Amino acid sequence: MVRILSILVGLFFTVALAWSFVLGAITAATEPAPAMVEHEFHVAPKNVHFSFDGPFGKFDNQQLQRGFQVYKEVCSACHALKHVAFRDLAALGYTEAEVKAIAAGFQVPGTDPNTGEETLRPGMATDYFPSPFANDVAARAANNNAIPPDLSLITKARHHGSAYVYSLLTGYQEQPAELLKEFPDAKTPAGLHYNPYFPNLNLAMAPPLAAGQIEYGDGTKASVDQMSKDVAAFLTWAAEPKLEKRKQTGWPVLGFLLFATILGYMSYRNIWADKKH
Amino acid sequence: MSFPWANEYKPSHPFMKWMDEKLPLPRLVYNSVGSGYPVPRNLNYFWNFGILALVCLTLQIVTGIVMAMHYAANAQVAFDTVEHTMRDVNWGWLMRYAHANGASAFFVVIYIHIFRGFFYGSYKAPREMVWLLGVVIFLLMMATAFMGYVLPWGQMSFWGAKVITGLFSAIPLVGEPIQQWLLGGFAPDNAALNRFFSLHYLLPFVIVGVVILHIWALHIPGSSNPTGVEVKSESDTIPFYPYYIAKDGWAVGAFAFLFCAVLFFFPNALGHPDNYIPANPMSTPAHIVPEWYFWPFYAILRAFTQDFFFIPAKLMGVLAMFGSILVWFFLPWLDKSPVRSGTYRPMFKKFFWFGLIPAMAVLFYCGGAPAEEPFVMLSQIASLYYFAHFLIILPIVSAIEKPLPLPYSITESVLGKDEAAQLAPAQTATA
Amino acid sequence: MAEEVGVRRRDFINIAAVSAAGVAGVGVVIPLVSQMSASADVLAASSTEVDISAIQPGQAIKAVFRKQPVFVRNLTPQEIAEANAVPLDTLRDPQTLAERTKEGKENWLITMGVCTHLGCVPLGAGEGETRGEFGGYFCPCHGSYYDTAARIRKGPAPTNLEVPEYEFTSDSVVKIG
């Protein structure tokens with residue numbers, strides 16, 4: 001009885017699935033899925049190497065400082081970094097005094113102690129990077145209806161985030177002729193910018209970097225490629241300041257566990273030595 | 001509740017004697033994981049995954065309690081408190097990664113544990129209750145994992161909550177009110193977040209309770225074994241301590257090694273990047289998927305693309321998704337073959353290795369893939385096989401199959417038929 | 001003989017394996033305990049700047065330092081004289097007013113507003129609050145009386161109100177911490 005019921009229930013589901021399959025197959029055969037411009041022209045991030053890649057990877061503080069300079073002088077005009085505090089910058093190799101000076105260079109929201117009115121005051125080491133816009137509406141209004149995303153987690157919030165940031169910044173180009181030939185309706189709208197590394201190909205952000213735009217303190221030549229790579233490294237640090245510590249903790253832990261597991265295995269073999277199983 | 005030849009607990013120290021009279025906890029330990037619990041001597045490494053599941057449950061509860069110390073279940077700040085844990089709390093990043101990857105590890109272990117049961121017929125009499133309680137644990141785990149994934153309040157959290165509670169809206173007539181009741185509103189917000197947090201903290205302890213029942217029910221008939229032949233005599237078994245403690249011990253070490261390799265070097269590999277974007281009710285992620293351990297069931301849900309007579313496709317998908325797990329409850333009565341172990345079941349074995357396993361693999365893959373061809377058609381074929389396997393093939397196979405000859409006993413399967421060899425262990429022990 | 005050595009070697013491996021498990025257990029406990037201590041953002045607790053220009057002699061204000069109240073009090077000459085008149089050997093926690101203030105700024109008494117008994121906030125800094133029988137602060141929780149140098153004079157508190165680290169960045173601004 002149970003078996004008959006079960007076979008009936010089984011037939012119910014399998015026939016329903018077969019029905020879905022057959023209709024789906026007919027549709028797939030007669031109406032091929034329309035080609036999508038994002039499918040054909042979106043490209044995976046470039047293959048780029050960073051010092052923090054791999055299990056032994058470490059941040060390069062020089063590079064992080066350069067990347068921070070790019071963020072500060074370029075990106076911070078539109079993009080917040082709200083999970084990062086100025087005090088965190090000490091990890092980049094800045095001294096306490098330098099951190100204080102950097103913080104003081106930013107205006108953060110404050111309260112007038114006498115009137116209680118909202119005002120701006122110079123930042124302190126414990127403050128977090130201020131948002132360049134008061135709220136989403138202001139951000140939208142100032143940026144052609146696109147909110148510039150917060151960058152504190154950007155490299156974790158995108159597949160292959162570090163390479164993605166680098167590729168996006170170096171990936172602006174003319175819309176390819178084949179694209180327009182194949183998809184005449186897909187012309188990049190006015191105010192947007194073609195970038196094959198962006199998921200839907202058209203990015204509201206104008207190319208933010210130009211060669212020589214920044215003068216690096218350490219004398220590195222500020223090419224677009226160099227700045228993009230530096231800021232991608234800085235944002236990777238911003239997204240996971242504990243990355244280096246994580247990898248450095250990992251090795252002794254794995255080493256010890258390997259040792260303990262081998263001991264455990266030997267002990268197991270010992271104990272079972274006279275038992276056939 | 002054990003075999004007559006089990007060692008008896010004999011406390012020698014006066015304190016232990018005193019304790020044994022007042023609260024026989026040491027006796028309980030001795031009889032359940034000590035020398036007083038005889039276990040089949042021939043268990044293979046698939047039998048280690050029960051202990052590993054217990055290790056995972058402990059890991060999740062411990063790291064979860066830590067996470068709760070730094071978390072605030074409020075839609076305004078939930079995301080920020082998780083980031084605060086990652087950045088500023090001492091070892092917070094380790095705790096958070098361990099908790100997130102611990103969920104994945106738990107499911108890896110539990111899937112192997114379940115499929116061990118499928119192959120070796122662990123669900124069959126006299127262990128039906130062990131199996132039923134196990135399925136209950138699995139359902140509780142899924143609920144707990146789902147609610148836990150909502151808590152960081154990232155994009156996948158929010159849209160996962162919306163889509164999964166949306167499943168209930170498929171129920172005719174009362175569906176929409178039920179979804180609103182589950183969420184405490186029209187969309188996921190503070191009310192939903194708070195109740196998910198509350199339940200996410202509660203359910204693991206319910207799981208602990210059911211695990212105790214699961215182990216209790218197991219200890220009545222004792223463990224099954226790879227031959228599926230029941231224990232007949234003392235030579236079929238060895239005491240849990242020290243033999244299986246040693247074996248489990250090194251297995252836990254190996255597991256910890258693999259887990260830490262992921263934890264320290266690929267902690268985000270199993271998560272979705274979109275969950276590092278704060279929840280945004282105004283924009284759905286381009287490619288919304290649950291965590292990997294739900295993929296097979298998600299694939300089944302999406303496989304139903306056509307209305308079936310008067311049943312809408314959406315309702316069919318939801319019925320099938322829940323049905324695909326509920327069917328496990330009936331397994332002991334669907335597979336009536338008297339032989340437990342798949343090793344001695346030639347037909348069953350073929351359907352298991354060339355049917356169920358590939359179908360599950362396809363469902364796993366398609367559940368994580370976008371809802372496009374060929375993935376939809378593949379998951380339809382795989383889902384079809386999945387239901388056919390449990391509801392049609394197993395009942396028929398178990399009726400018509402001619403099993404291979406079974407060994408007389410576990411001892412025979414281990415030592416061969418040589419009578420002298422059977423007696424050998426006892427002789428060497430005295431020599 | 002050879003067998004005995006074998007047995008000992010086996011025991012050694014078993015003991016080593018169990019010990020390794022113990023070490024692993026301790027290793028797990030370390031982060032579990034340490035996660036409860038103050039996090040980086042709390043440890044980086046900011047310093048507080050207080051504008052004291054509006055505090056008239058005899059008045060006091062409450063500022064916030066490390067999530068705790070700080071009393072900033074402008075002592076009157078009479079209060080200073082009262083504090084200096086107390087013989088040190090009668091005090092539970094002997095300190096002079098000069099030791100508890102900055103040189104040349106003896107009228108500015110800056111102390112934590114945290115009773116050293118069990119951490120309540122004493123009365124006496126707010127407008128109209130009782131200052132107790134020694135004219136300083138009075139903690140109503142368990143009846144500790146502090147004098148005009150915020151020294152404990154009567155009641156259960158063991159020590160004087162704590163003086164935090166501070167400096168005058170100008171005549172009208174004091175930076176605490």
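Me: How many helices and strands are there in chain C?

Reply: This is a predicted model, and the answer applies to it as such. Read along the sequence, chain C follows the pattern α-α-β-β-β-α-β-β-β-β-β-β. The count for chain C is 3 helices and 9 strands.

Me: What is the radius of gyration of chain C, and what does the globule rule give for 177 residues?

Reply: The C-alpha atoms of chain C fill a box of roughly 95 × 35 × 30 Å along the principal axes. Chain C is more spread out than a compact globule, because its radius of gyration is well over the value from the globule rule.

Me: What share of the residues of chain C count as buried?

Reply: Among contacts in chain C with a separation of 6 or more, 48% are between residues 24 or more positions apart. To count as buried, a residue needs 20 or more other C-beta atoms within 10 Å of its own. Of the 177 residues of chain C, the buried share is 27%.

Me: In what order do the elements of chain A run from the N terminus on?

Reply: Chain A has 9 helices and 4 strands. From the N terminus on, its elements run α-α-α-α-β-β-α-α-α-β-β-α-α.

Me: What is the radius of gyration of chain A, and what does the globule rule give for 277 residues?

Reply: The C-alpha atoms of chain A fill a box of roughly 85 × 70 × 45 Å, taken along the principal axes. Its radius of gyration is well over the globule value, so chain A is more spread out than a compact globule. The radius of gyration is 27 Å, against 19 Å from the rule.

Me: What share of the residues of chain A count as buried?

Reply: Of the contacts in chain A with a separation of 6 or more, 63% are made by residues 24 or more positions apart. The buried share of the 277 residues of chain A is 31%.

Me: Which residue in the turn between E1(A) and E2(A) has a positive phi?

Reply: Strand E1 (residues 107-111) of chain A and strand E2 (residues 118-122) of chain A run antiparallel and are joined by 5 bridges. One pair of bridge partners is Pro109(A) and Leu120(A), the latter in E2(A). The two strands form a hairpin with 6 residues between them. The phi in question is about 80 degrees, and the residue is Gly116(A).

Me: Which helix gives the most to the side of chain B that touches chain A?

Reply: The contact takes 53 residues from chain B and 50 residues from chain A. Helices that supply at least two residues each on the chain B side include H4 (78-87), H10 (240-265) and H15 (375-400). The side of chain B that touches chain A divides into 36 nonpolar, 10 polar and 7 charged residues. With 14 residues, the helix that gives the most is H10(B).

Me: Which helix gives the most to the side of domain 1 of chain B that touches domain 2 of chain B?

Reply: Chain B is divided into domain 1 (37-288) and domain 2 (294-400), and the C-alpha centres of these two domains lie 22 Å apart. Their contact takes 19 residues from domain 1 and 16 residues from domain 2. On the side of domain 1, the elements that give two or more residues are helix H5 (92-120) and helix H6 (128-150) of chain B. With 5 residues, the one that gives the most is H6(B).

Me: Where does UniProt place the feature "binding site" in chain B?

Reply: The unreviewed UniProt entry places this feature at two histidines, His113(B) and His214(B). They span 102 residues in sequence, yet no two of their C-alpha atoms are more than 13.2 Å apart, so they gather at one spot. The place of His113(B) is in helix H5 of chain B, while His214(B) lies in helix H9 (residues 190-219) of chain B.

Me: Is His214(B) buried or exposed?

Reply: Not counting residues up to four places away in sequence, His214(B) touches Val130(B), Leu133(B), Gly134(B) and Ile137(B). It has 21 C-beta neighbours inside 10 Å, and the cut-off for a buried residue is 20 or more. His214(B) therefore counts as buried.

Methods: Residues are numbered from 1 along each chain as its sequence is written. Chains are lettered from A and ligands numbered from 1 in the order in which they are written. This is a predicted model: local features need pLDDT of at least 70, side-chain atom pairs count only at pLDDT 80 or more; totals for chains, interfaces and linings use all residues. The radius of gyration is taken over C-alpha atoms; the globule rule is 2.2 Å times the number of residues to the power 0.38. A residue is buried if 20 or more other C-beta atoms lie within 10 Å of its own, exposed if 12 or fewer, and partly exposed in between; C-beta atoms are placed from the backbone. Two residues are in contact if their C-beta atoms, placed from the backbone, lie within 7 Å. Ala, Val, Leu, Ile, Met, Phe, Trp, Tyr, Cys and Pro count as nonpolar, Asp, Glu, Lys and Arg as charged, and the others, Gly among them, as polar. Two strands pair if DSSP finds at least two bridges between them. Domain bounds come from an automatic or database domain assignment. UniProt positions are given in the numbering used here, feature names are shortened, and annotations may be inferred rather than shown by experiment.
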